[in-house]
Amino acid sequence: MIEIRHLRKEYEGTTPLEDINVTINDGDVISVIGPSGAGKSTFLRCINLLEEPTSGQIIVDGQDIMEKGCDINEVRKKMGMVFQSFNLFGHLTVIENIMKPQMTLLGRSKQEAYDRAMELLYTVGLAAKALNYPSELSGGQQQRIAIARTLAMDPEIILFDEPTSALDPSMIGEVQSVIRMLAKEGHTMMIVTHEMDFARKISNRILFMADGGIYEEGTPKQIFDHPQKEKTKKFIQRLTSLTYNITDPEYDFEALNEELQAYAEKLLIEIDRTSKLQICLEEICVNNALCEDDPGVLINIDYSEKKDILSLRVRYKGDHFDPKDSDNELFNQVLEEETTTVVDLKDVEDENGYTNDITISFRWEEEE
Amino acid sequence: MAAMLLLSAVSVFGHDAPTTATAETKQGFTSIADLDGHELGVQTSVLYEDLVKDRIPNANWHYYTMPNDMILALEANKISAYLIEDVGFVAQYAQHPELVALDEVAGVCEYKVVIGNNERQEYLTQQMNEFIRKSKENGFLDDLYDYWVMNFDAETCVIRTNPVSTNENGPVDIGIEGGYEPFSFESKNEYSDFSGFDVEFMLNFCAEYGYEAVFHSVPFESIAPAAETGKYDFGMNIVYSDEREETATLSDTYYSCDIVFVLEGFNETNAGFFERMGNSFYKTFIKGDRWKLFASGIGTTMLITVASIVFGTILGFLAYMACRHGNLFANKVTGFFNWLIEGMPTIVFLMILYYIIFGNTKMSGTWVSIVGFSLIFACAMYDMLEVGCNAVGKGQVEASRALGYSDHQSFFKVILPQAAQHFLPIYKNDIVTLIKETSVVGYIAVMDLTKMSDLVRSRTYEAFFPLIATAIIYFILAGIMTTIVKRVQINIDPMHRKKEKILEGIKISEDDQFVL
């Protein structure tokens, strides 16, 4: 059990952590989420004193590790840490990366260290790479080795500092599945992450950080489905929707496109559906809805994970555009697909003066 | 007065010394005035050019450290003539009969001993003047002059008197040129590594007053400054000038002689190329066992290089360890020394150490060189460690500390092995640079390889073999050192280990055999 009381971290000019109070129970899998710059990583790094807190108490097994005379190296042996950039020792082979810390720090014999390392390499599926050097492995493989290295020390808690942020999207899955497996085995873990879906699925507790502290805390269901506080709500909503407001006919279509791509990537929406949405967006906004006299267009893109529906809602002023009249063949094809639903409303009364409101939804196409 | 009379008698003898003065010169010069506007050579700090400046105001002067380098410059047509004492010319003429001296004398110079500016100065001056006066009276100086100057023969001249000292009054340090026939030149004998007029004179002085003579061979221009800082007790063969009399303590004149211009004449040898080469090789290496000089020079150069590498590496490493955590004091001190040492030419740094910082100690030039080069190498080592460790990256430190490695374990087990691979290639280059840089230690009386080659050149009047041989030896030394470092680099490169070595002592189960 780790108890953190009134933890405060100041740098010159800023105070990323003002007052943090949290208790980590054995078996907890805690995800720390929040906007960039909220101090999530700083908080995590304060727990094993990689960053020295300005004040407060961190009590591990009844001992305040911030007290003078506490052997921090002993405490750190009980706390594993997995870094964003893996940080495997470049001069050692994979197997040595896992063996050496056990031999140096836990006093295990070479054979014991090897047996444990091999066992863990099997667990993370990389036994065949035992004698490779880290530089010869992909990012995902390196991160799995780093996790194995941490596990070899039999830590009481594992701290993950954005373990998948430096990875190619294609490699995120392999690392996440290893972490998921650890959660199932009952390891106590704390994970700083931007992968909300992942956080939701593996954690029993979510800490939402903002304003230099833990702003809201709860189960994944409480935080993701029923956030209570304003900033949490805004953050959660922004996770699944993208809003874009066009007020100038000379707006930057490329920037909009880029934002859309980033959004789709973040939520792991398939390229197929994203490009369909792009076709519709282009046809409606660029070719038709945007009238030069009164260029007001509000675009809402939403994704419901539960129903697995991606939807595009465009509200605009001026003349109504009927999608059925379009002579864009690609656009027509998209609309005709069974998984596409169109709701086209005109002459609506909106407080912002939009007169037209069209929503196009894309369901996931089940393979037969 | 008696002394003055004797002196002039010596001078008269001196006039007759160069016997070849009537020969025709190659470029047709017959008087000093003809040389105006030409390129002329003179030895650094002897001030002979002052004697003729009024007569040839438009001459271009070139300054040489060793007298015999001027012969090479003359032969290579870099200069048209050079100034030298007639006594020096006699020695040169014996080896180079094609040289000619102008009839017109440039002037007369008086030579004195400069007395070291230290606590012994007063009584040493007294003793020296007393000895000079006595030697003039009893004819010892005349006898020395006859033997070493008038009838000099490099092959046969040896120290004839038996100047055995009781050494009861301790050592005195004497600065001599060491490559300057017939006054001081390398020629080992039972009393000293050197022979010549100055050497025999001083050996007799020391025998008379119970001192142990310790000779230091340094470039001419360093002799007077070394005495003025008190490093040496005596400096030989100092040309008298009013300015010098003001700043330094000089003895009475112990000889005087004419200064003449030397030019190229026609009396050239007709030996064939191979004969000359063979001759040159013989003179450079075989004659008088001169290869031993090269061998001892190599020993000194290697001693300075290896000791400096060892001490410098340790010192640089310790400095880095002290500064690693941003200790303000350690960083300030290291930063200051780095700035100071790296901002100075090596030779200036060494001379400051030798003449000023260790000026009053009896530390030998070799030790001063080791101190200097150790400091220089320590600066380089510090920089290498800084660059190497920074290149490893903060992530490696954090990962090891997070696992529970202590600061010490983290540095030695994780950071240093990786940093070494970054800095060893630079280390290798710095060693080569160091070997080459040690060639300047001749300036502070160290008999290293370059200095030995200079001394041999001053005896043989040959440039080719000594220079080429020295270059080749430096190549070989650098090659050996880099090979050693390369070996070390490969040996400690973790990437070069064999799989069997990594898994040494481990029983691998049947199922896991594939890892091999």
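**View 1. Chain B and its contacts across the sequence.** In this predicted model, 76% of the contacts in chain B with a separation of 6 or more join residues 24 or more positions apart. Chain B is built with 19 helices and 12 strands. Its C-alpha trace spans about 105 × 55 × 45 Å along the principal axes. Of the 516 residues in chain B, 43% are buried.

**View 2. Helix α4 of chain B, residues 86-95.** The buried residues are B:D86, B:V87, B:G88, B:F89, B:V90, B:A91, B:Q92 and B:Y93.

**View 3. Helices α17 and α18 of chain B.** Two packed helices are described by the distance between their axes and the angle between them. Here the axes of α17 (residues 449-460) and α18 (residues 464-492) of chain B come within 9 Å and cross at roughly 165°. Angles over 145 degrees count as roughly antiparallel, so that is how α17(B) runs relative to α18(B). The crossing of α17(B) and α18(B) is right-handed. From α17(B), the contact draws on B:L449, B:T450, B:S453, B:V456 and B:R457, while α18(B) brings B:P466, B:L467, B:T470 and B:I473. By type, the residues of this contact divide into five nonpolar, three polar and one charged.

**View 4. Where chain A meets chain B.** Here 27 residues of chain A are in contact with 25 residues of chain B. On the side of chain A that touches chain B, α2 (72-78), α3 (94-106) and α4 (110-123) of chain A each supply at least two residues. That side of chain A comprises 14 nonpolar, nine polar and four charged residues.

**View 5. The two assigned domains of chain A.** The domain assignment of chain A gives domain 1 as 2-228 and domain 2 as 238-363. The C-alpha centres of domain 1 and domain 2 of chain A lie 40 Å apart.

View 6. You will find A:R205 in strand β9 (residues 205-210) of chain A. A:E265 lies 60 residues from A:R205 along the chain, and 25 Å separates their C-alpha atoms.

How values were computed. Residues numbered from 1 in each chain as written. Chains lettered and ligands numbered in written order. Predicted model: local features only at pLDDT ≥ 70, side-chain atom pairs only at ≥ 80, totals over all residues. Contact = placed C-beta atoms within 7 Å. Helix = DSSP H or I, 4+ residues; strand = E, 2+ residues; numbered from the N terminus. Nonpolar A, V, L, I, M, F, W, Y, C, P; charged D, E, K, R; others polar. Buried ≥ 20, exposed ≤ 12 C-beta atoms within 10 Å, placed from the backbone. Domains from an automatic or database assignment. Axes fitted to C-alpha atoms, helices over the stretch in contact; angles between N-to-C directions. Parallel < 35°, antiparallel > 145°, perpendicular 65-115°, else oblique. Left-handed = near helix turned anticlockwise from the far one by under 90°.
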